[in-house]
Amino acid sequence: MCILVFRTSVSDSKDTQLIGSVLNNHPQVLQWNVDLDDWEKVLRIVVKDLASENGIADCIRTLGFECEDLDH
């Protein structure tokens, strides 16, 4: 298990629901949350392994959101 941390452009609960529609169905994602109170709108995702990191960020970007890795 690994935790991915991203800075995003998610702005409200509607955006969170849209992201959830993708993350809830992603086979590598075990758990996720967005901190809407943080100025960076931090998205934390628990995944099975790090191999899925780029694919998950790309999924978020295809929804029209910025998604920048904060771990590196």
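Analyst: Serine 11 sits in the loop between β1 (2–8) and α1 (13–23). Keep in mind that this is a predicted model. With a relative accessibility of 48%, serine 11 counts as partly exposed. Its C-alpha atom is separated by 27 Å from that of aspartate 49, a residue 38 places away along the chain.

Now step from the loop to the sheet. Four strands make up an open sheet in the order β2-β3-β1-β4, and their pairing is antiparallel. The edges are taken by β2 and β4 (67–69), each with a single partner strand, so one side of each has no neighbour in the sheet. On average, neighbouring strands are turned by 30° against each other, direction ignored.

Let's follow the pairings one by one. Six bridges join β2 to β3, and valine 34 has leucine 43 in β3 as its bridge partner. The hairpin of β2 and β3 has six residues between the strands, and lysine 41 there takes a positive phi near 50°. Five bridges join β1 to β3, with cysteine 2 partnered by valine 47 in β3. β1 and β4 pair over three bridges; here the bridge partner of arginine 7 is glutamate 68 in β4.

What about the inside? Five of the six residues of β3 are buried, so this strand is largely enclosed by the rest of the structure. Helix α1 lies across β2 and β3, running at about 170° to β2. The largest nonpolar core has 15 residues, and Phe6, Leu23, Leu43, Ile45, Ile56 and Ile60 are those with the most contacts inside it. At least two residues of this core come from each of β1, α1, β2 (29–35), β3 (42–47) and α2 (53–62). In soluble globular proteins, nonpolar side chains tend to be buried together. Setting aside its neighbours within four places in sequence, phenylalanine 6 has contacts that include Leu43, Ile45, Ala57, Cys67 and Leu70.

On to the charged pairs. The structure holds three salt bridges. In one of them, glutamate 40 meets arginine 7, with the closest N and O atoms 2.6 Å apart. This pair links distant parts of the chain, because glutamate 40 is in the loop between β2 and β3 while arginine 7 is in strand β1, 33 residues apart. Glutamate 40 is buried, at a relative accessible area of 14%, whereas arginine 7 is partly exposed at 26%. Arginine 7 also forms a salt bridge with glutamate 68, the closest N and O atoms being 2.9 Å apart. Since arginine 7 lies in strand β1 and glutamate 68 in strand β4, the pair ties together parts that are 61 residues apart in sequence.

The side chains of aspartate 58 and arginine 61 meet in another salt bridge, at 3.0 Å from N to O. These two are three residues apart in helix α2, which means they are separated by about one helical turn. Salt bridges that share partners join Arg7, Glu40 and Glu68 into one network.

One last thing to check is the cysteines: how many disulfides are there? The count comes to zero. The sulfur of cysteine 59 is 9.7 Å from the closest cysteine sulfur, in cysteine 67, and that is too far for a bond. Cysteine 59 is partly exposed at 26% relative accessibility, while cysteine 67 is buried at 5%.

Definitions and conventions: Residues numbered from 1 in each chain as written. Predicted model: local features only at pLDDT ≥ 70, side-chain atom pairs only at ≥ 80, totals over all residues. Heavy atoms only, no water. Disulfide = S-S within 2.5 Å. Buried < 20%, exposed > 50% of the residue type's maximum accessible area, 1.4 Å probe, protein only. Core = buried A, V, L, I, M, F, W, Y, C linked by side-chain atoms within 4.5 Å. Contact = heavy atoms within 4.5 Å. Pairing = 2+ DSSP bridges. Axes fitted to C-alpha atoms, helices over the stretch in contact; angles between N-to-C directions. Salt bridge = Lys/Arg side-chain N within 4 Å of Asp/Glu carboxyl O.
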